[in-house]
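Some labels used for protein structures rest on cut-offs. The questions below ask how such labels are reached.

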Amino acid sequence: MENVTLTVNGKERSAPAEGRTLLVEFLREGLRLTGTHVGCDTSQCGACLVHVDGEPVKACSVLVQDIAGAEVTTIEGMANADGSLGTIQAAFREHHGLQCGFCTPGMVMAAASLLKENPKPTEAEVRHYLEGNICRCTGYHNIVKAVMAASGQDVAPPAVAAE
Amino acid sequence: MYDFTLTRPTTIADAVSALQGEDAQPIAGGQTLLPTMKARLAQAETFVSLTGISEMRGISAADGVLTLGGGATHATVAREAAASYPALASLAGRIGDPAVRTRGTVGGSIANNDPSACYPAGALGSGATITATGPNGSREIAADDYFQGMFATALEEGEIITKVAFPIPEKAAYEKMLQPASRFPLVAVFVAKYADGVRVAITGASTDGVFRWSEAEAALSGDFSPAAIEGLTPPSNDMISDLHGTPEYRAHLCKVLTARAVRSAQ
């Protein structure tokens, strides 16, 4: 096994990896960054989505040796410096954009990629962009609301249960 | 996935030489190959990554031809070919999802020649020229000779696709009907109008992979309008039959999507 070094969330990190070691395995098992989830392991669901050199990738479908030296951002890198939730994370909490939470790291990372490319997306554009991220609680309406809110656009306030 | 050694050459020459090794296979973006390897349906002792070869990643448009390096990703093509060849950029920008487009490459798609992939339709519909580089040097293969059936191509052992040159048409469009689970085309049609005639390439429909619908090409070369193909019988090239669609349904889609592509071509 050779040692692979990546810059993860701004810090240089190294761990041993085989030729077949996937980026998601390296993050979770090598670096113990378990915020990135493995859902389907077949690049369908997007739970493992992270950024490599600023671009979205499914970490279950990238060999870590193939991106040695790259800059990687994971969900652990999305909070503010003081530890408070970042804008997208806070919007997911505010708009109940997560139920079981399993897809959430990938959803947040995908949303960040979208907003970088298209800072004021329409609701249709949000839905289309998130087509590679599956929420099996089917909580898509609130996920879309959260992304719209994170972009600074008006959304209907979260539903409040009747008293 | 079985273990293997990954090598990451930075030049085409080094990649070709690495592929001469015992049981060595190329891997590009890996968006098809890695899932296949996980299912243990593909394996090799050595995989030679093509992602580190900068001379294979370029995109340029000159003299009416858009040339893509074999390693150009779908995301890059969607962005950088939008001005020179919008229909092809649109095809690239609708493959898979954004994260898949970050990694997947034109060379990988054309080398694999999945019967439902998008790029084979763009390449055959544009009459592209594929440059394959191997131990005996580089050779140019016309798209008409390159695609040889489901997952079959003119590539020889040890060759990699280093570039693909697409003549830029006057008008073109790519229309696809998505298979709702895989998001691959159930059927998709690439129509391109050149000064010397119209090309119509269809993917997703035939068990032989991508094909040209010559009757539609002849009709559209005389009259580039949806009405020109109204009277045609849909193509009958051994349509795929599966739980997503009957052969008759796929044949019907060929005609509907060709008409749509003609209508939206610009």
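What follows sets computed values against the definitions behind the labels.

This is a predicted model, in which local features need pLDDT of at least 70 and side-chain atom pairs count only at pLDDT 80 or more, while totals for chains, interfaces and linings use all residues. Residues are numbered from 1 along each chain as its sequence is written, chains are lettered from A and ligands numbered from 1 in the order in which they are written, and side-chain values use heavy atoms, with hydrogens and water left out.

Q: Why is helix 2 of chain A called oblique to helix 3 of chain A?
A: The axes of helix 2 (residues 87-94) and helix 3 (residues 104-117) of chain A cross at roughly 125° and come within 10 Å. Axes are lines fitted to C-alpha atoms, for helices over the stretch in contact, and angles run from 0 to 180 degrees between N-to-C directions. Angles under 35 degrees count as roughly parallel, over 145 as roughly antiparallel, 65 to 115 as roughly perpendicular and the rest as oblique. Helix 2 of chain A is therefore oblique to helix 3 of chain A.

Q: Which residues make the contact between helix 2 and helix 3 of chain A, and how do they divide by class?
A: Helix 2 of chain A contributes A:Ile88, A:Gln89 and A:Phe92, and helix 3 of chain A contributes A:Thr104, A:Met107, A:Val108, A:Ala111, A:Ala112 and A:Leu115. Contact means heavy atoms within 4.5 Å. The residues of this contact divide into 7 nonpolar, 2 polar and no charged. Ala, Val, Leu, Ile, Met, Phe, Trp, Tyr, Cys and Pro count as nonpolar, Asp, Glu, Lys and Arg as charged, and the others, Gly among them, as polar.

Q: What makes helix 2 and helix 5 of chain A oblique to each other?
A: The axes of helix 2 of chain A and helix 5 (residues 140-150) of chain A cross at roughly 135° and come within 8 Å. Helix 2 and helix 5 of chain A are therefore oblique to each other. Their contact has 8 nonpolar, 1 polar and no charged residues.

Q: Why are helix 3 and helix 5 of chain A also described as oblique to each other?
A: Their axes cross at roughly 40° and come within 11 Å, so the two helices are oblique. The contact involves A:Met107, A:Ala111, A:Leu114 and A:Leu115 of helix 3 of chain A and A:Tyr140, A:Ile143, A:Val147 and A:Ala150 of helix 5 of chain A. By class, that contact has 8 nonpolar, no polar and no charged residues.

Q: How do you know whether B:Ser206 is buried or exposed?
A: Buried means under 20% relative accessible area, exposed over 50%, partly exposed in between (1.4 Å probe, protein chains only). B:Ser206 has 1% relative accessibility, so B:Ser206 counts as buried. B:Ser206 is found in the loop between strand 11 (197-203) and strand 12 (211-212) of chain B. Its side chain reaches the backbone nitrogen of B:Asp208 at 3.0 Å.

Q: What makes B:Ala18 partly exposed?
A: The relative accessibility of B:Ala18 is 25%, so B:Ala18 counts as partly exposed. B:Ala18 lies in helix 1 (residues 12-18) of chain B. Not counting residues up to four places away in sequence, B:Ala18 touches B:Thr7, B:Ala24 and B:Val48.

Q: How do you know that helix 7 of chain B is mostly covered?
A: In helix 7 (residues 119-126) of chain B, 8 of its 8 residues are buried. Among them are B:Tyr119, B:Leu124 and B:Ser126. Helices (H or I, at least four residues) and strands (E, at least two) are DSSP runs, numbered from the N terminus.

Notes
A polar contact is a pair of N or O atoms within 3.5 Å; within protein, one must be able to donate a hydrogen and the other to accept it, and residues adjacent in sequence count only if both atoms are side-chain atoms.
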